[in-house]
Amino acid sequence: MKLQIRDLRVLFGDHVAASVAALDVGVGEIVGLAGESGSGKSMTIQAVLGLAGTAGATVTGSIKLDGTELTGMSPAALRAVRGRRIAAIFQSPASAFNPVFRVGVIVTRALRLHGLSAAEARDRAAAAMRSVLLPPELLSRYPAQLSGGQLQRVAIALAIALRAEVLLADEPTSALDVTVQAEVLELLRELRDTRGMAILFVSHDLAVIAELCDRVAIMRSGQVIEQGRTQEVIAAPQQDYTRELLAAVPRLDG
Amino acid sequence: MAAGVMLSVRDLRVDYGPVRAVDGVSLTIRHGPFGLGLVGESGSGKTTVGRAILRLVPAAGGTIMFEGQDVLRLRGRRLLEYRRAAQLVYQDVDNSLDPRQRVGAAIGEVLTVHGMARAAVRDRVAALLSEAALDPALASRYPHQLSGGQRQRASIARALAVSPRLLVLDEPTSALDVTAQERVLATIRRLRAERGLSCLLITHNLAIVPELCEQTAVLYLGRIAETGPTASLLASPAHPYTLALRSAVPEVHPARRRSRIILPGGAQVAAARPDGCAFHPRCPLVIDKCRVDVPELRSVAPGREAACHRAEEVLAGLRPTAATAG
C-alpha cells in the first residue's frame, strides 16, 4: 500500500480533531475523504503532511509511506519526503503562491530544494506545465496574473515535476467555477491513470467525490463513520449522515 | 410597462476603462415571489450586471426601470428608497460583516439608520434572525463565532431589515459546503414565498438555480447567450455554452451523469473579445459562420431566446461528437 494510515488520532488537548482507524491509498487510486466543515478532513491531511504538530496538535498512531513510518520521523527526514514524495494542493491556490515572486521562480525553487540543478529544474518545470495543458510561458507571470484554475494547475504541475507519488488534495476545486472544476478533476484522473499517483481527495461535495474517487471515507465530528467503494456507499449508504450529505447535493432537475 | 414586471433592464452596457464588461444585456424580473438566475463563469460580467442594477457601478448605456422609475436617473431621497427596495447579499460571508461588531448590532444599525426607534430595535433584530432561521441569541455573538452558513443567514437577516422587495444574491452559497448551502437555499426559498420577494441569483453553478428561479439567463463575456424558463432551458439547452455548463455539474449517480464537455482554453476575458461569436474559440460545435458573424439573441422556441447560429440544431438534440449522451 502506498499510503497506509492506522489508528491515527489528532488531538488538541482532550479534543479529538480527527480519528481514523484505517485508511489506505494504493498506487493509481483516488480515495475521497468527505464531510462537512469541521469534520476533521483537513486535520487528517495536515497530520499526513507532518504539519498538525506545528498547529499545536498531538498526533498518535501510524502513517506509512511504502511501509516506512512517517510519524516520529526527524524534521529533516520528513522534509525530504514532504513535497518530494508527498505533494499537496489546497483550496486557495492564490494563497499557496507567494504573490511577490513569479510563478516559475516558486516552482524552480521548490525543485532545486529537492536537489535538481537550475537547468534541470527549468526543463522539468516547463515539461510539467505542458502536461497540465498550460503554456510554459505562464511561468514568467506573477500569481495575480493567473486565474484560480490556472494557479491550481501550476500547483499540480509542481507535484508532477517533483515526481510525487502521493498527492493530498484538500478541497482543490471548491473555490473554482464548475467548468474549471471539471477540468481539474479530469487532470487528477489523468494523474491517477497515467502516472499511477495515489491521491487522497478531500471534499464536502459528495457529487465531486462520486465523479472522481474509487473509494470514499465519510467523516463526521472527527470520526470516520463509513467507508467503502464509492459506488457502493452512494448506492446503499449505511449511515443517516451519509444520506444527509447525499441529499444536500443540488440537482439540475431541482 | 408590462403587468407584473418589477425590474426591466434593457440593453445595459458597463465599461471598465476601455473594456466593455457588459454589452447589451436585457433582463426582466417579475414581482415576487419570483427568481431569475444569472449564470456564467468568472469574468462573464454577471456580478457587474448585479452591481449596475443596484447603482454600485455606473452604466455606460441602456435603461433600468424599477416599478416605473428610471433607476439610472434616481437621486437623493428616491435613490435611498430604491436602495431599501433592492438589497444585495454578498458571496464573501467572511468580510460582509464587520468582525468587531456583534451580529445584533450590525443588523440594528441598519434599522436605526432607517429611522427605527432604539427601543424597538432589539425585538426587531430578534424577529429578523428568527426569520433567517437563526437563534435570536446569536445577536450577542461576533461574526467569527458563527459558522459560514450562519454568517450568510445573518447577512440575509440584515438585508431583510429594510423590507426589500428585490434581493440580489451574488454567489450566496459558493463559500459554503453543500450541507450549509442547502440550508441557506432553503431559507431563501421560504423567505421568497413568505415575503413575496423577487430574487436575482448570480451564480456559476447551474445546479442551484432550479431551487430558486423560474427564469434563467446565461451570460458569456458580457452578453446573454441564452435565456428562458429554467426547467426547459436545463432540460434542452439551445446554446452549446449552456450544454457545457450543464455537463460540468457534478452528479452523484452514474446513471444520471452526462458526457462531459470540457471547454478548452479556460474562460476568456472581455478585453480580448474574439471576432464572430465570442464563444467560438471554445465551442465544440463551431462552424465557419461562427468565426465571422456575431449571432444575435433571437427567439428560438416559445419563451426561449438564444444567441447561437446553430440554436435550432442544438435544441433538436445536436451534441458534440465526443459527447452524445444527455
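Domain bounds here come from an automatic or database domain assignment. The model is predicted.

**View 1. The two domains of chain A.** Chain A is divided into domain 1, residues 1–85 + 166–249, and domain 2, residues 91–163. Their C-alpha centres lie 24 Å apart. Domain 1 of chain A brings 13 residues to the contact, and domain 2 of chain A brings 12 residues.

**View 2. The side of domain 1 of chain A that touches domain 2 of chain A.** Two elements give two or more residues to this side: strand 7 (166–170) and helix 7 (178–195) of chain A. Helix 7 of chain A has the largest share, with 4 residues. By class, this side of domain 1 of chain A holds 7 nonpolar, 2 polar and 4 charged residues.

**View 3. The two domains of chain B.** Chain B is divided into domain 1, residues 5–95 + 164–218, and domain 2, residues 236–315. The C-alpha centres of these domains of chain B lie 23 Å apart. In the contact, 12 residues of domain 1 of chain B meet 10 residues of domain 2 of chain B. On the domain 1 side, strand 2 (residues 19–30) of chain B gives the most, with 3 residues. That side of domain 1 of chain B has 6 nonpolar, 4 polar and 2 charged residues.

**View 4. Chain B against chain A.** Here 29 residues of chain B are in contact with 30 residues of chain A. On the chain B side, helix 6 and helix 8 (240–248) each supply at least two residues. Helix 8 of chain B gives the most to this side, with 4 residues. The side of chain B that touches chain A divides into 14 nonpolar, 8 polar and 7 charged residues.

**View 5. A helix pair across the two chains.** Helix 10 (residues 240–248) of chain A packs with helix 6 (residues 178–195) of chain B. The angle is about 60 degrees, and the axes are 8 Å apart. That angle makes helix 10 of chain A oblique to helix 6 of chain B. The crossing of helix 10 of chain A with helix 6 of chain B is left-handed.

**View 6. Residues at the helix crossing.** From helix 10 of chain A, the contact is made by E244(A), L245(A) and A248(A). From helix 6 of chain B come V178(B), T179(B) and E182(B). By class, the residues of this contact are 3 nonpolar, 1 polar and 2 charged.

Key
Residues are numbered from 1 along each chain as its sequence is written. Chains are lettered from A and ligands numbered from 1 in the order in which they are written. This is a predicted model: local features need pLDDT of at least 70, side-chain atom pairs count only at pLDDT 80 or more; totals for chains, interfaces and linings use all residues. Axes are lines fitted to C-alpha atoms, for helices over the stretch in contact, and angles run from 0 to 180 degrees between N-to-C directions. Angles under 35 degrees count as roughly parallel, over 145 as roughly antiparallel, 65 to 115 as roughly perpendicular and the rest as oblique. A crossing is left-handed if the near helix is turned anticlockwise from the far one by less than a right angle, and right-handed if clockwise. Two residues are in contact if their C-beta atoms, placed from the backbone, lie within 7 Å. Ala, Val, Leu, Ile, Met, Phe, Trp, Tyr, Cys and Pro count as nonpolar, Asp, Glu, Lys and Arg as charged, and the others, Gly among them, as polar.
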